[in-house]
Amino acid sequence: MEIKLPENIPLRAKTELKKLLSGNRNFVNSTPTAKNMSIETLKKYAFHQEPYAVVLSCSDSRVVPEIIFDCGIGELFVVRVAGITAGDNVIESIEYAVKKLKVPLVILLGHDDCGVMKYAKEHYPKIEDDFKSILSCVYPVLDKNEDITCHNYFAMQHTIWVEETIMKKSKIISDAVNRGDVYIAKCHFDHSTGLVDLI
Ligand SMILES: [Zn+2]
């Protein structure tokens, strides 16, 4: 299966993104190859880490970055939060990976059937005490697209909004992107096929 990537990706990020998307095809085809899952690997990284991508993923139990990208220990710096909602701690976690660990690739991984999108759609525009900070990160998408009916389309629009928010709020990340040191890949995971595709 050929994987087509946009033209404008810096070389390091392109190599890593290709590797992850082809790892995802291994997962889909039930031919995983990840080897770095042993105690020996963990010992190798006892005092340092060198992940090549940071993945912002939903906390959803069905979205497990290392498994769906066919990766082992030490490869991905994963930030998991319900609905990939980009609050301050989340953005700073990505900044840490970009600034301190020098990862060349940021993956924003939305997914089908996301509970946060469904909850937000049901409760919009009410802000109650429950899930306040999560909803405040998702409602802006509905402010712009009140007619959204498909949760999966909503999730994709939200992933696009997350990129815009990170670029607006984070000088560390936007500077790195503008210098060409980092590429942000907006992705969507489909439970029915297991495929991760670029948005
Ligand atoms: Zn979710």
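## Terms and basis

A residue counts as buried if 20 or more other C-beta atoms lie within 10 Å of its own, as exposed if 12 or fewer do, and as partly exposed in between, with C-beta atoms placed from the backbone. Helices (H or I, at least four residues) and strands (E, at least two) are DSSP runs, numbered from the N terminus. By the burial count, β4 is mostly covered, with five of its seven residues buried.

The model is predicted: local features need pLDDT of at least 70, side-chain atom pairs count only at pLDDT 80 or more, and totals for chains, interfaces and linings use all residues. Residues are numbered from 1 along each chain as its sequence is written.

## The sheet

Five strands form an open sheet in the order β2-β1-β3-β4-β5, with mixed pairing. β2 (76-80) and β5 (196-198) are at the edges and have a single partner strand each, so one side of each is left without a neighbour in the sheet. On average, neighbouring strands of this sheet are turned by 30° against each other, direction ignored. Two strands pair if DSSP finds at least two bridges between them.

β1 and β2 run parallel and are joined by five bridges; β1 and β3 also pair in the parallel sense, over four bridges. Val-55 has Val-78 as its bridge partner in β2 and Ile-107 as its bridge partner in β3. Further along, seven bridges join β3 to β4, again in parallel, and Gly-110 stands opposite His-188 in β4. β4 and β5 run antiparallel, joined by three bridges, and Phe-189 stands opposite Val-196 in β5. These two strands form a hairpin with six residues between them, and Gly-194 in the turn has a positive phi of about 85°.

Five of the five residues of β1 are buried, so β1 is largely enclosed by the rest of the structure. Ala-53, Val-55 and Ser-57 point one way from the strand, while Val-54 and Leu-56 point the other way. In a regular strand the side chains alternate between the two faces of the sheet.

The largest nonpolar core has 52 residues, and Leu-105 and Ile-107 have the most contacts inside it. A nonpolar core is a set of buried Ala, Val, Leu, Ile, Met, Phe, Trp, Tyr and Cys residues joined through C-beta atoms within 7 Å. Two residues are in contact if their C-beta atoms, placed from the backbone, lie within 7 Å. Neighbours within four places in sequence aside, Ile-107 is in contact with Ala-53, Val-55, Leu-56, Ala-185 and Cys-187.

## Helix α8

In α8 (residues 171-179), the buried residues are Ile-173, Ala-176 and Val-177. They cover an arc of only 100° around the axis, which puts them on the same side of α8; the arc is that of the directions from the helix axis to the C-beta atoms.

The face turned away from that buried side carries the exposed residues Lys-171, Asn-178 and Arg-179. The cover over the buried residues of α8 includes α4 (88-99), α7 (151-169) and β4 (183-189). Just after α8, Gly-180 takes a positive phi of about 85°.

Axes are lines fitted to C-alpha atoms, for helices over the stretch in contact, and angles run from 0 to 180 degrees between N-to-C directions. The axes of α5 and α6 come within 10 Å and cross at roughly 70°. That makes α5 roughly perpendicular to α6, on a scale where angles under 35 degrees count as roughly parallel, over 145 as roughly antiparallel, 65 to 115 as roughly perpendicular and the rest as oblique. Val-116, Ala-120 and His-123 in α5 meet residues of α6 including Ile-134, Leu-135 and Val-138.

α6 and α7 pack at about 110°, with their axes 10 Å apart, which makes α6 roughly perpendicular to α7. Here Val-138, Pro-140 and Val-141 in α6 meet Phe-154, Gln-157, His-158 and Trp-161 in α7.

## The loop between α5 and α6

Ile-127 lies in the loop between α5 (115-123) and α6 (132-144). Ile-127 is partly exposed, with 13 other C-beta atoms within 10 Å. Leaving aside neighbours within four places in sequence, Ile-127 is in contact with Lys-132, Leu-135 and Ser-136.
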